[in-house]
Amino acid sequence: MSKNSFFFGQSVFGQLISLINFDLVNSVAKKHKSDRYTKKFRTSDHLISMLFSTFAHCSSLREVTGAMLGLKGKTNHFQLKSLPHKSTLSDANARRSHLVFQEVYYCLLNQYRSVISDSRQTYVWENRLEIIDSSTVSLFKDILSCVGRASSNGKRKGGIKVHTQINLQENVPKLIWFSGARTHDKKFLEHLQLEKGKIAVFDKGYNDYKEFDRFTQKGIFFVTRFKSNASYREIVENEIPEYLDDGVLKDEIIEVDVKEKGQYLKTTQLRRIAYWDDQNKRCFEFITNLHGMNAGHIALIYKKRWQIELLFKQLKQNFPLKFFLGDNENAIKIQIWCTLIVNLLLTVIRKKTKRKWAFSNLASFCRLHLFNYIHLRKFLENPEKDWLKEPNEQLELKFNSG
């Protein structure tokens with residue numbers, strides 16, 4: 001019988017790590033001076049250790065350092081120069097700034113943007129759509145502001161809110177901002193990366209008329225849900241063309257007051273659309289500053305917001321952030337950035353593979369075969385290759401021996 005067709009000189013982990021340009025990592029480390037006063041465990045070693053922890057689903061410092069002891073002789077194909085001790089990794093997570101890992105993530109995103117971007121689009125506005133939302137990671141210690149209600153004993157657990165912006169056609173975070181769990185979502189609007197002509201879509205927790213007016217002044221568009229208790233004045237009701245989706249119930253121009261700290265500043269005009277969702281048997285009310293767009297498309301734009309919920313679900317199911325390798329804010333942020341890097345690397349592999357794998361199946365395969373010497377791309381494109389050819393080879397062997 002022939003050798004395994006997928007045998008390769010690099011482990012699966014090595015192939016995944018090879019997607020990272022470590023000259024770039026060293027350049028970022030130099031910029032942030034993150035290796036100053038460091039003798040052995042440098043930024044590149046720290047990054048590889050945390051990525052290993054994420055891929056392998058390690059739940060403690062002891063598990064990470066213990067598992068990495070087995071890498072002796074297997075690190076020639078990636079730049080791990082120093083294996084960490086438990087205390088070394090703990091100190092690095094506390095002292096080396098999470099901003100280094102943040103910049104590495106953004107550099108990788110820029111490098112692979114053309115790979116992960118989906119050029120296919122049904123509507124011309126899809127490449128302009130930016131989706132905004134947040135997800136809260138609960139913590140057992142009171143790190144950052146508390147989250148949720150107080151328990152019966154009066155204690156609260158800590159929480160960190162991860163505010164996220166994605167482009168519809170990329171489906172990976174293009175902007176992340178951390179805050180305490182009690183921070184209001186609309187604070188994130190000040191940090192958004194939106195160019196003129198972009199369309200931001202978010203839920204009604206982000207409603208802020210002052211920010212909406214600023215968007216309009218800058219030529220930025222938005223779509224969100226209208227609060228049921230919102231105060232407004234109807235200016236004019238737009239005619240609903242017969243060719244529109246039957247779900248469009250009302251399309252009108254309204255006027256709202258822009259205030260700051262309770263003080264009236266000005267009025268601004270927005271568009272309010274009432275839409276009946278037959279699938280969910282409920283009426284949705286949207287507000288937007290897109291005055292020239294089909295009202296049915298406004299409802300569809302908001303429906304696209306679900307894409308970011310799927311991303312959060314993907315992250316939480318495949319990289320459960322239940323165990324943290326540090327009890328301080330910096331360590332937690334490092335772990336989240338490394339989770340995002342792993343998510344990005346797997347997204348790149350998935351996009352480069354012709355055969356379509358479910359993300360969860362790909363993540364599970366890589367975790368189980370992390371240090372097997374399998375050619376990852378070839379295997380993913382034809383995983384049954386060796387098994388399908390085996391019976392034919394056995395028949396050929398039997399025929400020749402006869």
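**Close-up 1. Lys81 in the loop between α4 (61-68) and α5 (86-95).** The model shown in this and the following views is predicted. Lys81 is exposed, its relative accessible area being 70%, which puts the residue over the 50% cut-off for that class. Ser44 lies 37 residues from Lys81 along the chain, and the C-alpha atoms of the two residues are 8.5 Å apart.

**Close-up 2. Ser53 in helix α3.** The helix spans residues 43-56. Ser53 has a relative accessibility of 4% and therefore counts as buried, the limit for this class being under 20%. When neighbours within four places in sequence are set aside, Ser53 contacts Cys58, Val64 and Leu325.

**Close-up 3. His57 in the loop between α3 and α4.** His57 is not a glycine, yet its phi is positive, at about 60°. With 32% relative accessibility, His57 is classed as partly exposed.

**Close-up 4. Asn171 in the loop between β3 and β4.** Strand β3 covers residues 157-167 and strand β4 covers 173-180. Asn171 has a positive phi of about 60° despite not being a glycine. The relative accessibility of Asn171 is 23%, so the residue counts as partly exposed.

**Close-up 5. Leu300 in helix α8.** This helix is formed by residues 295-303. Leu300 is partly exposed, with a relative accessibility of 23%. Apart from residues up to four places away in sequence, Leu300 touches Tyr123 and Trp125.

Note on methods:
Residues are numbered from 1 along each chain as its sequence is written. This is a predicted model: local features need pLDDT of at least 70, side-chain atom pairs count only at pLDDT 80 or more; totals for chains, interfaces and linings use all residues. Side-chain values use heavy atoms; hydrogens and water are left out. Helices (H or I, at least four residues) and strands (E, at least two) are DSSP runs, numbered from the N terminus. Buried means under 20% relative accessible area, exposed over 50%, partly exposed in between (1.4 Å probe, protein chains only). Contact means heavy atoms within 4.5 Å.
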